[in-house]
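The structure is shown first, and the points follow by topic.

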Amino acid sequence: MKKIVLFISAFILSIVFSCKDLVVTEPESNLNVEDFEAAWNRINDVYPYLDFKKINWDSIHIVYRERIDNAKGDEFFIVFSDFLAELKDGHVYYRTKGGGEVYPYYPQRHFKDRHAYSPFVVRKYFDKELRLTESKSVEYEILPGNIGYAFLSDFHKTYLIDEFPGVLEYLKNTKGLILDIRQKRGGDYKNIEAVVTRFLTEPLERNDAYSMGEKWVIPPFQPAGPFQYTNPVVVLINGSTFSAGEFTTEILKQLPQVTAVGDTTGGVSVGGGDASLYFLPSGKSIEIGFIDIRRYDGLPWEWLGIPPDIRVEQTEADILAGRDKQLEYAIEMLK
């Protein structure tokens, strides 16, 4: 019996010590008010679109300070999420220490179009398997009729810098090219340049950008690469085209051989890169952009989006019926 008791005691101790890493031994400090005040002040200091969006930031402070004061436990995260959603900005997120990114707001155009596209339906228009780059950031092939197609799914890291030249080399003898940027959600500016500069035949002035009210002075885009693709190009966009996808579209729309087809993009533009990450007193962080990027017509595309040259609406019902009307329109244009 003594041996059994000792065994059980040792077993319980082993469970306690082996599980110690699974137990939160040091809960986060309750700095809810301090976090809220720091976030409100940061946004007040750097966010460029409060006036443009007609947001009364002082009133927001009054309403949400009371809600923060009354929040119990995890209610803070609900209130804080609602607070950040008041910016109506798809780039804004918050992150707990060791946690994931929580995006409090998505544009309504995204919800309208998020199921109005399917890669499986797209593949039905090809008579061969699509090619995929090593990073899986580009899916591409040649459609019947010698029409090139490339779906750009990721502008992060150096994916397009490294891989788009090979994609364009494969498609260079096509009589027209479809760049599909539907369902695109952000990435690195250098990858945007890696794409757009392959379609330029002469320098192109950059669209305006401002930081803390100061206009950036940046040299024009320059043609790049061993050759320029000058045949007709259709860029496919919809309400789930965000950020880098919108940037790419707005630049390409300035070129005479490019036509944007589909529906207005999501309207997510506020930049800042790594510098837009702001740490709160508790150790949580928020992403608050501070760069005001404009369309070539001088308006922000934040909230407004990038309109297509030719609007072709598409619904989830079309996709369920096995049709991609936007892709069909692009194919007929290039035929």
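D263 and R311 form a salt bridge in which the closest N and O atoms are 2.3 Å apart. The two residues come from distant parts of the chain, 48 residues apart: D263 sits in the loop between β10 (258–262) and β11 (277–279), and R311 belongs to strand β14 (residues 310–311). The model is a predicted one.

- D263 has a relative accessible area of 7%, which is under the 20% limit, so D263 counts as buried.
- R311 has a relative accessibility of 46% and counts as partly exposed, because this value falls between the 20% and 50% limits.
- The pair is part of a network of salt bridges that links K112, D113, D263 and R311.

**Other salt bridges**

- The count of salt bridges in the model comes to 23.
- One of these joins the side chains of R67 and D82, with an N to O distance of 3.1 Å.
- R67 is partly exposed, at a relative accessible area of 32%.
- D82 is also partly exposed, with a relative accessible area of 31%.
- The side chains of R295 and D297 meet in a further salt bridge, at 2.7 Å from N to O.
- R295 is buried, its relative accessible area being 11%.

- Strand β6 (residues 176–180) is largely enclosed by the rest of the structure, because five of its five residues are buried.
- G176, I178 and D180 point one way from β6, while L177 and L179 point the other way; all are buried.
- In general, side chains of a regular strand alternate between the two faces of the sheet.
- Strand β5 (residues 147–152) pairs with β6 in the parallel sense, over five bridges.
- Within this pairing, Y149 has I178 of β6 as its bridge partner.
- From β5 the chain passes through helix α7 (residues 159–171) to reach β6, and this β-α-β crossover is right-handed.
- β6 also pairs in the parallel sense with strand β9 (residues 233–237), over four bridges.
- Here the bridge partner of L179 is V235 in β9.

**The antiparallel sheet**

- Four strands make up an open sheet with antiparallel pairing, in the order β2-β1-β12-β11.
- β2 (101–102) and β11 are the edge strands, each pairing on one side only.
- Strand β1 (residues 93–95) and strand β12 (residues 285–287) pair in the antiparallel sense over three bridges.
- R95 has S285 in β12 as its bridge partner.
- Helix α4 lies across β1 and β12 and runs at about 150° to β1.

**Points to locate in the structure**

- Which residue of β6 is the bridge partner of Y149? I178 is that partner, and I178 points the way that G176 and D180 do.
- Which residue in β9 is the bridge partner of L179? V235 is that partner, and L179 points from β6 the way that L177 does.
- Is D263 buried or exposed? D263 is buried, whereas its salt-bridge partner R311 is partly exposed.

Definitions and conventions. Residues numbered from 1 in each chain as written. Predicted model: local features only at pLDDT ≥ 70, side-chain atom pairs only at ≥ 80, totals over all residues. Heavy atoms only, no water. Buried < 20%, exposed > 50% of the residue type's maximum accessible area, 1.4 Å probe, protein only. Pairing = 2+ DSSP bridges. Right-handed = clockwise from strand over helix to strand, strands pointing away. Salt bridge = Lys/Arg side-chain N within 4 Å of Asp/Glu carboxyl O. Contact = heavy atoms within 4.5 Å. Axes fitted to C-alpha atoms, helices over the stretch in contact; angles between N-to-C directions.
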